[in-house]
Amino acid sequence: MKKYLLFLPICCCVLSVGAQTPEANIAQLQLQLPPVSKPVANYVNVVKVGKLLYLSGKGPTTADGKDITGKVGKDLSLEQGYDAARSVALNHVAVLKDLLGDLSKVKRIVKVLGMVNCTENFTDQPKVINGYSDTMVAIFGDKGKHARSAVGMYALPNNIAVEVDVIVEIK
């Protein structure tokens with residue numbers, strides 16, 4: 001099995017995120033936003049329609065920018081899947097930071113679609129995608145709480161472990 005940089009789960013109740021900015025929460029959690037990756041095909045990272053941002057699906061990456069690959073339930077444990085989903089959240093926050101400059105312009109994380117590359121018998125997709133959701137709440141507080149779908153997939157591009165797309169409302 002491949003080794004991955006594992007993140008510790010975030011306990012959202014430790015932060016008093018109400019008065020802090022998302023950037024302050026990122027610093028307090030000692031998180032690093034990765035560089036924003038360029039689209040690899042004929043699409044863009046984000047489309048703005050009115051006050052909504054539609055972010056393209058992103059996959060998980062290690063600290064050195066390599067894809068986290070494999071099937072959860074075979075190649076990766078539930079915990080490694082959670083960490084992969086957390087990585088996707090940081091990739092999306094990096095896209096938001098790049099576009100908006102100030103993450104305080106985020107009014108709400110609206111809707112998340114989390115797709116887990118998993119075995120046919122794996123049924124804990126929501127627990128994997130909690131890595132994404134927990135990270136968004138830790139960074140944005142109540143504004144990070146969102147509607148969500150978490151589904152299993154037979155395969156994802158380049159065998160990535162997780163893919164997530166998200167809709168974000170801005171001020």
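I take buried to mean under 20% relative accessible area, exposed over 50%, and partly exposed in between (1.4 Å probe, protein chains only).

**Model.** I note that this is a predicted model, in which local features need pLDDT of at least 70 and side-chain atom pairs count only at pLDDT 80 or more, while totals for chains, interfaces and linings use all residues. Residues are numbered from 1 along each chain as its sequence is written, and side-chain values use heavy atoms, with hydrogens and water left out. The mean pLDDT (the predictor's confidence in each residue, from 0 to 100) of the protein chain is 91, and 89% of its residues reach 70 or more. Over residues 1-18 I found pLDDT below 50. Where pLDDT is low, the predicted coordinates should not be read in detail.

**Helix 2.** I use DSSP runs for helices (H or I, at least four residues) and strands (E, at least two), numbered from the N terminus. Just after helix 2, Gly101 has a positive phi of about 80°.

**Salt bridges.** I searched for a side-chain nitrogen of Lys or Arg within 4 Å of a carboxyl oxygen of Asp or Glu; the whole structure holds four such salt bridges. In one of them, Glu23 pairs with Lys97, with the closest N and O atoms 3.0 Å apart. Glu23 lies in helix 1 (residues 22-28) and Lys97 in helix 2, so the pair ties together parts 74 residues apart in sequence. Glu23 is partly exposed at 23% relative accessibility, and Lys97 is partly exposed at 30%. I also recorded Glu169 with Lys107, at 3.8 Å between the closest N and O atoms.

Notes
Contact = heavy atoms within 4.5 Å.
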